[in-house]
Amino acid sequence: MTTDPEHPVVPEELAELRRCLEVGLARIDGGLALLTQRDEQSEKDLDDLAARVAALEHTRWPVPAIAALAAVGALVAAVWQALGG
């Protein structure tokens, strides 16, 4: 490293640069830790939501099947009335 004789590099300036670098790295580490925590929480929330959706899908009424049965029942009732039943 070359230095300008008019502006000598002093140990205090190097120490200040090192401190600034360490503070910056600590902030980055903290930000990464927060992002990791948020990612884990989001993954947990997504898993919980998937389990809830699966439970709802399992217990839902089979609406198309019920509609088809009602249509068949209405058709049978209409044919029976048409035949004079």
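1. Glu16 and Arg19 are separated by about one helical turn because they stand three residues apart in helix H1. A helix here is a DSSP run of H or I with at least four residues, and a strand is a run of E with at least two, numbered from the N terminus. The model is predicted, so local features need pLDDT of at least 70 and side-chain atom pairs count only at pLDDT 80 or more, while totals for chains, interfaces and linings use all residues. Residues are numbered from 1 along each chain as its sequence is written, and side-chain values use heavy atoms, with hydrogens and water left out.

2. Glu16 and Arg19 form a salt bridge, and their closest N and O atoms are 2.9 Å apart. The term means a side-chain nitrogen of Lys or Arg within 4 Å of a carboxyl oxygen of Asp or Glu. Side chains of opposite charge can pair when their charged atoms come close. Glu16 counts as partly exposed because its relative accessibility is 39%, and Arg19 counts as partly exposed at 43%. Buried means under 20% relative accessible area, exposed over 50%, and partly exposed in between (1.4 Å probe, protein chains only).

3. The structure holds two salt bridges. Besides the pair of Glu16 and Arg19, Asp48 bridges to Lys44, with the closest N and O atoms 3.6 Å apart. Both Asp48 and Lys44 belong to helix H1, where four residues, about one turn, separate them. Asp48 is partly exposed at a relative accessible area of 38%, and Lys44 is partly exposed at 46%.

4. Which residues gather in a patch of negative charge on the surface? They are Asp39, Glu40, Glu43 and Asp47. Patches are made of residues with over 30% relative accessible area and no salt bridge; like charges are joined within 9 Å, and nonpolar side chains (Val, Leu, Ile, Met, Phe, Trp, Tyr) within 5 Å. Glu40 is in helix H1, which covers residues 11-59, and counts as exposed because its relative accessibility is 52%.

5. Leu21, Leu25, Ile28, Leu32 and Leu35 make a nonpolar surface patch of about 500 Å². Accessible areas come from the Shrake-Rupley method with a 1.4 Å probe. Leu25 lies in helix H1 and, at 47% relative accessibility, is partly exposed.

6. The unreviewed UniProt entry annotates residues 61-83 as "transmembrane region"; such annotations may be inferred rather than shown by experiment. In the model, the chain over residues 61-83 is 87% helix and 0% strand, and the end C-alpha atoms are 34 Å apart.

Definitions and conventions. Lys and Arg count as positive and Asp and Glu as negative; His and the chain ends are not counted. The place of a charge is taken as NZ of Lys, CZ of Arg, CG of Asp or CD of Glu.
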